[in-house]
Amino acid sequence: MRSDKKRWDARFKGKGFALGKDPNPFLKKHIRLLPKGKALDLAAGEGRNAIFLAQRGFDVGAVDISEKGLRKAKELANETGVKIHTFLADLDTYNIEKERYDLVANFYFLKRSLIPKIKRGIKKGGRIIFETYILEHRNISSEGPKDRKYFLKPNELLRLFKDFRILFYREGIVKEGGRRKAVASLIAQKE
Ligand SMILES: C[S@@+](CC[C@H](N)C(=O)[O-])C[C@H]1O[C@@H](n2cnc3c(N)ncnc32)[C@H](O)[C@@H]1O
């Protein structure tokens, strides 16, 4: 959506990294559960997770609607000495190639209509790693999205992947960069 692009380009236009350079702690902690190969990072932003995956030997594609975000991601990848493929695209309409990926990563982006496309895009035996806010987040922080539709309901993420084998699931409060967040986190495998 054009308004998403404008909003995120504005957020990413500064010199610093709005979302930091460090990978998401859940991704970092569970990297050993993720099958090496082709990975797709959805709504990759400034690339912190895509670059971490590339450092760990994945062949990574990073999709995002923000040109400014992806430009920073490329720069950080170069600085770090790894390669990532960036795709400037709107995930409202982006076509994920069928059974192409060993791993799909979805961090802090919730588009429910994308879930069937994510599932189709994962190879048999491939995995999804997903983390984003749950409704409870609104009670503990003023940061994060404003609209209720961007928050997961209780057990919603679990239900969305009920046809996959769930390898890890939790809902609760975590700390990232000193900030408290209420999130659901999942790793699941396509059977
Ligand atoms: C909260 S950030 C998360 C970035 C990254 N996943 C991370 O955890 O660092 C949300 C991202 O979604 C992207 N985004 C929002 N709407 C989008 C859309 N329709 N298509 C593709 N990307 C979109 C934004 O540009 C932004 O980079």
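How many residues of the shell around the ligand are nonpolar, how many polar and how many charged? Then show me α3, which supplies residues to that shell.

Author: This is a predicted model, where local features need pLDDT of at least 70 and side-chain atom pairs count only at pLDDT 80 or more, while totals for chains, interfaces and linings use all residues. Residues are numbered from 1 along each chain as its sequence is written.

Start with the ligand. The shell holds 10 nonpolar, five polar and five charged residues. (Nonpolar means Ala, Val, Leu, Ile, Met, Phe, Trp, Tyr, Cys and Pro; charged means Asp, Glu, Lys and Arg; the others, Gly among them, are polar.) In total, 20 residues surround the ligand. (Each has its C-beta atom, placed from the backbone, within 6 Å of the molecule.) Asp 4, Trp 8, Ala 43, Gly 45 and Leu 91 are the closest. Two helices, α1 (2–12) and α3 (48–55), supply at least two shell residues each. (Helices are DSSP runs of H or I, at least four residues; strands are runs of E, at least two; both are numbered from the N terminus.)

Now α3 itself. Seven of its eight residues are buried, so α3 is mostly covered. (Buried means 20 or more other C-beta atoms within 10 Å of the residue's own; exposed means 12 or fewer; partly exposed lies in between.) The buried residues are Arg 48, Asn 49, Ala 50, Ile 51, Phe 52, Leu 53 and Ala 54. What do they pack against? The partners are the helices α2 (25–29) and α4, and the strands β1 (38–42), β2 (59–64) and β4 (101–107).

Take α4 (residues 67–80) next. Its axis and that of α3 come within 9 Å and cross at roughly 30°. (Axes are lines fitted to C-alpha atoms over the stretch in contact, with angles from 0 to 180 degrees between N-to-C directions.) The two helices are therefore roughly parallel. (That label covers angles under 35 degrees; over 145 is roughly antiparallel, 65 to 115 roughly perpendicular, and the rest oblique.) The crossing is right-handed.

One last stop. Gly 57 follows α3, and its phi is positive, near 95°.

Definitions and conventions. Left-handed = near helix turned anticlockwise from the far one by under 90°. Contact = placed C-beta atoms within 7 Å.
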